Amino acid sequence: MRRRGGIEMKTIKCMMDHMYWADGRILDALEESETKNKDLLKLVRHVAVAERVWLSRLQGKDSAQYSLWEEAEDLTAIRTMFEENAEQYRIYIEGLEESELDEMIDYANQNGVPFRTSVRDILLQVLLHGQYHRGQINRALRIESAEPVQVDYITFARL
């Protein structure tokens, strides 16, 4: 049985601020590394597109036009997508009431399969998905003998 309720709006807002910060830090590390690793660039693009897909669903829009796993070569375009995502998530979250966190959102995944998920769980998915992949990106940077970047929440909290 799933427990309802959970993380409060105040915590979600703080975690979202961490996500915006961590997205920027990981992009900075990729730029500094001057990596040409296509899989690594594809992965960071995936994070940006996934944020956009979930935002579209939260806004009641179709997300089928987004391709989660396309090749990427331009970090500038990816940075722009992250910045636009952050701006749109801030607007969305500012207009969201605590009581709306448990509202259910109907959407279809990228394969057209229908699902119903709470706003709270979607926001947590966005937060945790990005952190998971930022860890993968940092590991790949280390393998390439580049310097990984600190994106842990505690580092953000200490600022």
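1. In this predicted model, the buried residues of helix α3 pack against α1 (9–33), α2 and α4. The buried set comprises Leu75, Ile78, Arg79, Met81, Phe82, Asn85, Ala86, Tyr89, Tyr92 and Ile93. These residues cover an arc of only 155° around the axis, and therefore lie on the same side of α3. The face turned away from that buried side carries the exposed residues Thr76, Ile91 and Glu94.

2. The geometry of α3 (residues 75–94) is close to expectation: its 20 residues reach 28 Å from the first C-alpha to the last, against the 28 Å expected at 1.5 Å a residue. At the start of this helix, a side-chain oxygen of aspartate 74 comes to within 3.0 Å of the backbone nitrogen of threonine 76.

3. Helix α4 (residues 119–143) can be checked in the same manner, since its 25 residues should span 36 Å at 1.5 Å a residue, and the 37 Å between its end C-alpha atoms agrees with that figure. Just after α4, serine 145 takes a positive phi of about 65°.

4. A search of the whole structure for aromatic pairs returns four. In one of them, the ring centres of tryptophan 54 and tyrosine 107 are 5.4 Å apart and the planes stand at 70°, which is over the 60 degrees required, so the pair is classed as edge-to-face. The pair links distant parts of the chain, for tryptophan 54 belongs to helix α2 (residues 38–58) and tyrosine 107 to strand β1 (residues 104–108), 53 residues apart.

5. Both partners of that pair fall below the 20% cut-off for burial: tryptophan 54 is buried because its relative accessible area is 15%, and tyrosine 107 counts as buried at 12% relative accessibility. The ring of tryptophan 54 also has the charged end of arginine 57 sitting over it, 4.5 Å from the ring centre.

6. A further aromatic pair, tyrosine 153 with phenylalanine 156, is tilted, with 5.9 Å from centre to centre and 55° between the planes. Both residues lie in helix α5 (residues 153–157), three residues apart, or about one turn of the helix. In general, an α-helix has 3.6 residues a turn, so residues three or four places apart point the same way.

7. Together with Trp21, Tyr153 and Phe156 form one aromatic cluster.

Key: Residues are numbered from 1 along each chain as its sequence is written. This is a predicted model: local features need pLDDT of at least 70, side-chain atom pairs count only at pLDDT 80 or more; totals for chains, interfaces and linings use all residues. Side-chain values use heavy atoms; hydrogens and water are left out. Helices (H or I, at least four residues) and strands (E, at least two) are DSSP runs, numbered from the N terminus. The expected span of a helix is 1.5 Å times one less than its number of residues. Rings of Phe, Tyr and Trp (its six-membered ring) pair if their centres lie within 6.5 Å; planes under 30 degrees apart count as stacked, over 60 as edge-to-face and the rest as tilted. Buried means under 20% relative accessible area, exposed over 50%, partly exposed in between (1.4 Å probe, protein chains only). A charge sits over a ring if NZ of Lys or CZ of Arg is within 6 Å of the ring centre and within 35 degrees of the ring normal. The arc is that of the directions from the helix axis to the C-beta atoms. Contact means heavy atoms within 4.5 Å. A polar contact is a pair of N or O atoms within 3.5 Å; within protein, one must be able to donate a hydrogen and the other to accept it, and residues adjacent in sequence count only if both atoms are side-chain atoms.
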